[in-house]
Amino acid sequence: MTKSSMLFVCAHPDDETLYSGFMHAWVHKLGNVLDQVVVTNGEGGFKYSELSEPYYKLALSKESVARENLPQIRKQEQLESAKILGVRKCFFLDQKDLKFDINIEPVLSEQWNVNVVTEQIHDIILTGNGENGYDLVLVMLPASDCHGHHKASAILALKALHQIIQEKKSGLHPHTKIKPASNKIPFVIAGVEYQFANIGDVVNNPRNFQTPFDPHSDWLQKMKENVCKFPFFKVCEDSPAFLFNRKWKISAVGPGVLDYNLVSMWVCSAHKSQGNLHEPERLEQYFCLDIYENEEEKAKQTGWVFQVFPKIEQLCPV
């Protein structure tokens, strides 16, 4: 049986902590493949580093020390997290993590080399999983209240996918340095950074991984209002939202309760330089994105998602 493959595109070493439950289940419950692209080197992540100073024996809360040492430290932390989640390959693009900005414009115009990053993501999508290609790309939902780096990583991934779609249509490939290993166009989902739904919203139906769009839902309206209007970005409103409850159990065997909060704690603990990342009541939320130019392709995505995602809840004991 062919394994499904997913590529997660994010901004920082530690962004995967937001989606650790789904990622762990994707690999360890479904037996699928997971790769990760990390755009920045993480050198700007020193705000919460004080706790890790005795551990690393470095004054990491001091900016000059952090910028010199955090890139290598955070790369190793990322690799430790990847080992826990079962990430097969990490692609580090090493863009400067200069500063926090909620606005995407300075990130794209001043902080990152946009053309280089877009081309790198483009090439990874085409070659990272060999001739099989990636079945799924996960990006961070670029809502208006999110980190500008998170928005930028999503938009550049979608821009790269848009280029691949146009190349497939025209039969042309603009790069001479690589040969596409696969012509597959992956499906795309976006994970929420600041959750729109709460555990209480699904407590009456804790097994429901698929939640249909309710036009009267407060959190759905909030999502629509907050999602920034970027080129290439469109949420599929005729597809459900997918919710992953970290209170789901990993196993019903053995003493105590092994649930996905424990996975989150393990993954967060790998990123010792970043303080407390764990959110015990986090409800992971995902939306299908519409990157296709015709209804047939969009229907294929919806059909594929409906086949794959329910398998996770079936494998998670209540």
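Phenylalanine 8 is buried, its relative accessible area being 0% (buried means under 20%, exposed over 50% and partly exposed in between, with a 1.4 Å probe and protein chains only). The model is predicted, so that local features need pLDDT of at least 70 and side-chain atom pairs count only at pLDDT 80 or more, whereas totals for chains, interfaces and linings use all residues. Residues are numbered from 1 along each chain as its sequence is written, and side-chain values use heavy atoms, with hydrogens and water left out.

**View A. Phenylalanine 8 and tyrosine 19 form an edge-to-face pair.** The whole structure holds seven aromatic pairs, a pair being rings of Phe, Tyr or Trp (its six-membered ring) with centres within 6.5 Å, called stacked when the planes are under 30 degrees apart, edge-to-face when over 60 and tilted otherwise. In this pair the ring centres of phenylalanine 8 and tyrosine 19 are 5.6 Å apart and the planes stand at 80°, so the geometry is edge-to-face. Because phenylalanine 8 belongs to strand E1 (residues 5–10) and tyrosine 19 to the loop between E1 and helix H1 (20–28), the pair ties together parts eleven residues apart in sequence; helices (H or I, at least four residues) and strands (E, at least two) are DSSP runs, numbered from the N terminus.

**View B. Tyrosine 19 also pairs with tyrosine 286.** Tyrosine 19 is buried, with a relative accessible area of 0%. The ring centres of tyrosine 19 and tyrosine 286 lie 5.8 Å apart with their planes at 50°, so this pair is tilted. Since tyrosine 286 is in strand E10 (residues 283–288) while tyrosine 19 is in the loop between E1 and H1, the pair ties together parts 267 residues apart in sequence. Tyrosine 286 is buried as well, and one aromatic cluster is made up of Phe8, Tyr19, Phe22, Trp26 and Tyr286.

**View C. Helices H3 and H9 pack against each other.** Helix H3 (residues 63–85) and helix H9 (residues 260–270) meet at an angle of about 160°, and their axes are 8 Å apart. H3 is therefore roughly antiparallel to H9 (under 35 degrees is roughly parallel, over 145 roughly antiparallel, 65 to 115 roughly perpendicular and the rest oblique). From H3, the residues Glu77, Glu80, Ser81, Ile84 and Leu85 meet Val263, Trp266, Val267 and Ala270 of H9, contact meaning heavy atoms within 4.5 Å. By class, six nonpolar, one polar and two charged residues make up this contact of H3 with H9, where Ala, Val, Leu, Ile, Met, Phe, Trp, Tyr, Cys and Pro count as nonpolar, Asp, Glu, Lys and Arg as charged, and the others, Gly among them, as polar.

**View D. Lysine 83 is an exposed residue of helix H3.** Its relative accessibility is 66%. The C-alpha atoms of lysine 83 and alanine 270 are separated by 9.8 Å, although the two residues are 187 apart along the chain.

View E. Most residues other than glycine have a negative phi.

Methods
Axes fitted to C-alpha atoms, helices over the stretch in contact; angles between N-to-C directions.
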